Amino acid sequence: MAKIFQATHVGKVRKNNEDALIVIEPETFVVADGMGGASAGEVASQMLVETVRDFLIRVPLPWDEKILAQTIALANENILNLARQNEQYKGMGTTATILSLDGYRAYFAHVGDSRIYLLRNKNFQQITEDHSYVEELVRRGDITAQEARFHPMKNVLTQAVGVIPRLYIDMANFSVEKGDAFLLCTDGLTNMVDDETIAEILMSAEDPAYELIEAALAAGGKDNISVIVAGVD
């Protein structure tokens, strides 16, 4: 496994950072973007990454996509239960994007609009699909992907962890190749920086996580920003 880069930043507008991220050995990565009043978003995203970590370290390898999805389902239950017990946490939730690499295959599970990207032979592609209202509009052909970036309802999610009891979790696996680079990020990056610029930074920066954060801040930093970059040797 090539070097791993990670960074998170509160941004220029928000007062607190509701993102959470974690690297779990071996080669498993999680990003979460919390939502909710007061500090509830921070609570939800932190519960997500802690639940994933505590679950996985008790489970034998490999951690395939079904196991990763189980961790999200458990976090969903835990967050819902806490919100039921505490009025201050009512309505909180979080995205959940998890990637696990074993040197031969990539496994992922995903809910919300945080993303996984793959850079392979200079081809940069989004692996996950956003669970959002505007993404549904794009899939129907009602708006373009470029229009979606600036749509007034771009932050409206159709799926989030800790919001509904019956959660739909995207999951899949695919083979990896030497030289692949993966990016996990919250929408604080992708709402500020276009895919072409992100790909250029991944291919050229000594510390791509730091440079991606800097690019998002330079574009306005309107949200919390979190990124993990990992490569395959």
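Predicted model: local features only at pLDDT ≥ 70, side-chain atom pairs only at ≥ 80, totals over all residues.
**Ground rules.** I number residues from 1 along each chain as its sequence is written, and I leave hydrogens and water out, using heavy atoms for side-chain values.

**Largest pocket.** I looked up pockets on a 1 Å grid over the protein atoms alone, a pocket being an open set of points where a 1.4 Å probe fits, with protein on both sides within 12 Å along at least five of seven lines, and lining residues having an atom within 4 Å of a point. I took volume as the space filled by probe spheres set on the points, which are joined across faces, edges and corners. The largest pocket holds about 390 Å³ of space, and I found 21 residues lining it, with Arg115, Asp130, Ala145, Ala148 and Arg149 nearest its centre. I name helices (H or I, at least four residues) and strands (E, at least two) as DSSP runs numbered from the N terminus. At least two lining residues come from each of β7 (115–120), α3 (133–140), α4 (145–149) and α5 (187–190), and α4 gives the largest share, four residues. I sorted residues with Ala, Val, Leu, Ile, Met, Phe, Trp, Tyr, Cys and Pro as nonpolar, Asp, Glu, Lys and Arg as charged, and the others, Gly among them, as polar. By that scheme this lining has nine charged, six polar and six nonpolar residues.

**Second largest pocket.** I noted a volume of about 220 Å³ here, and a lining that includes Arg14, Arg149, Asp187, Lys222 and Asp223. Its classes are six charged, three polar and two nonpolar.

**Helix pair.** I found α6 (residues 195–204) packed on α7 (residues 208–218) at about 150°, with axes 9 Å apart; axes are lines fitted to C-alpha atoms over the stretch in contact, and angles run from 0 to 180 degrees between N-to-C directions. That makes α6 roughly antiparallel to α7, a term for angles over 145 degrees. Contact (heavy atoms within 4.5 Å) involves Ile198, Ile201 and Leu202 of α6 with Pro208, Glu211, Leu212 and Ala215 of α7. I count these residues as six nonpolar, one charged and no polar.

**Backbone.** The glutamate 25 to proline 26 peptide bond is cis, with omega near 5°, and proline 26 sits in the loop between β2 (19–24) and β3 (28–35). Leucine 61 and proline 62 are joined by a cis peptide bond with omega about 0°.

How values were computed
Parallel < 35°, antiparallel > 145°, perpendicular 65-115°, else oblique.
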